Amino acid sequence: MKYFNRISRYFYVAIALVLGYLVVYGLSMVSEKSKGPIETVLTKAGTTVQEVEKTIILDQREGTREDKLVWFKEIRTNKKKLIQSKIILFGASDDSKKESYENIINLEDSLSLTFPIIHIYQAWGEKPEQEFPIKELNAIHEIGSIPMVTWEPWVSDFTVENFPGIGAVETRDKSSFTSIAGGLYDSFLKKWAKSAKNFKHPIYLRLGHEMNEPYRYPWGPQNDTPQEFVAGWKHIHEVFEQVGAKNIIWVWSPHTAYGYFDAYYPGSDNVDVIATGILNFGTSTSWSKWWTFSEIFGTHYKELATFNKPMMIAEFGSLKTGGDRAKWFGDALTNLPKKYPLVNSIVFFHYSGDKTTSDKSVNWYIKDDKKVTSKIKEVLKTWDSVIKQPKLK
């Protein structure tokens, strides 16, 4: 049946592509008066493909997504219930590139889960792709899930012409959160916050993640002190409050390995959820080794729990190199609700070509690894009291 469903999806995608082509062809054959830029034509074609994909691929699957998430409707629009959920909410980020649901669907099928949370990454800046991602968030809402946005405060893409006083690009990263706290980026923040407010539905906003790591992101301690980071965070939170964006779930997400949690914590009034990424790189790089979930997360859980906030595993994954990946996932999930009772959301990190930590591309995909997916389903069958999903096969 699963094989048949997959073939059916491919068939329907082909139909969608043909329809998209016909849109392009038809529009290209009309009179000169009605011809517009090719970008407009392609946009219309792309929208047609996405609409067909949703109405055919999603709605005609064995059991619609809406049916599988019927239990989620009660808390989906209630920010407080989402934050305090007693049901563990699963989610994923993947290679969809905000254009298709197919990768999410495939992962859901492989795990016999339906994800209440769909996670995307968004950088700051003035480019069109850095504006509030309303199209993506509407699509996520339309298929029954809620969006999570990791909002990355890269400041290099702003121009001095539009943001006077921000300084040269070469030196702008230094104390960038002091500049944020001082209001230099307020026009960007207010526009984004107003768009978030107008979305009207809850959004998990994971701002400036891994701020305590000095190697990876420009908002780390190599450029911003903990005090500067906290001041900037509080200012951003205040801007959203001022415009009335009450639908934001504020997610504070330090790196477990670098500590100083107390110093970087913006305070209970400014944080709703504490998150961290738990990624086992195995022996794929010169600086990594095979770390268990307990070593990455368990040894730091008690310290993070002192903030007394619900917790999220915001990036959950393991590579193959260096150990038994199925065992890694099995060990991570076994008795997780009892060992880590504050954790109420887990988001799979599911990228096939990740180059964020080195020039070498690594593959986090598990959807076709039957040993891994079988182990995950086996363990989740023991989670009946904290998981709301169709009966696991």
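Colleague: Which residue in β7 is the bridge partner of N280?

Modeller: A word on the model first: it is predicted, local features need pLDDT of at least 70, side-chain atom pairs count only at pLDDT 80 or more, and totals for chains, interfaces and linings use all residues. Residues are numbered from 1 along each chain as its sequence is written, and side-chain values use heavy atoms, leaving out hydrogens and water. N280 lies in strand β6 (a strand is a DSSP E run of at least two residues, a helix an H or I run of at least four, each numbered from the N terminus). Its bridge partner in β7 is S318.

Colleague: Over how many bridges do β6 and β7 pair?

Modeller: Strands pair if DSSP finds at least two bridges between them. β6 covers residues 273–280, and its pairing with β7 is parallel, with a bridge count of 7.

Colleague: Is N280 buried or exposed?

Modeller: Buried means under 20% relative accessible area, exposed over 50%, and partly exposed in between, with a 1.4 Å probe and protein chains only. N280 has 0% relative accessibility, so it counts as buried.

Colleague: Which residue's backbone nitrogen does the side chain of N280 reach?

Modeller: Contact means heavy atoms within 4.5 Å. Beyond its neighbours within four places in sequence, N280 is in contact with residues including K289, I296, G317, W328 and W364. At 3.1 Å, its side chain reaches the backbone nitrogen of W291.

Colleague: How many residues of β7 are buried?

Modeller: β7 runs over residues 311–318 and is largely enclosed by the rest of the structure. On its β8 side, the two strands pair in the parallel sense over 4 bridges, and M311 has V343 as its bridge partner. The buried count for β7 is 8 of the 8.

Colleague: What angle does helix α9 make with β3?

Modeller: 8 strands close into a barrel in the order β1-β2-β3-β4-β5-β6-β7-β8, with parallel pairing. The twist averages 30 degrees from one strand to the next (axes are lines fitted to C-alpha atoms, for helices over the stretch in contact, and angles run from 0 to 180 degrees between N-to-C directions). Helix α9 (residues 186–199) packs on the sheet, touching β2, β3, β4 and β5, and its direction makes with that of β3 an angle of about 175 degrees.

Technical notes
A polar contact is a pair of N or O atoms within 3.5 Å; within protein, one must be able to donate a hydrogen and the other to accept it, and residues adjacent in sequence count only if both atoms are side-chain atoms.
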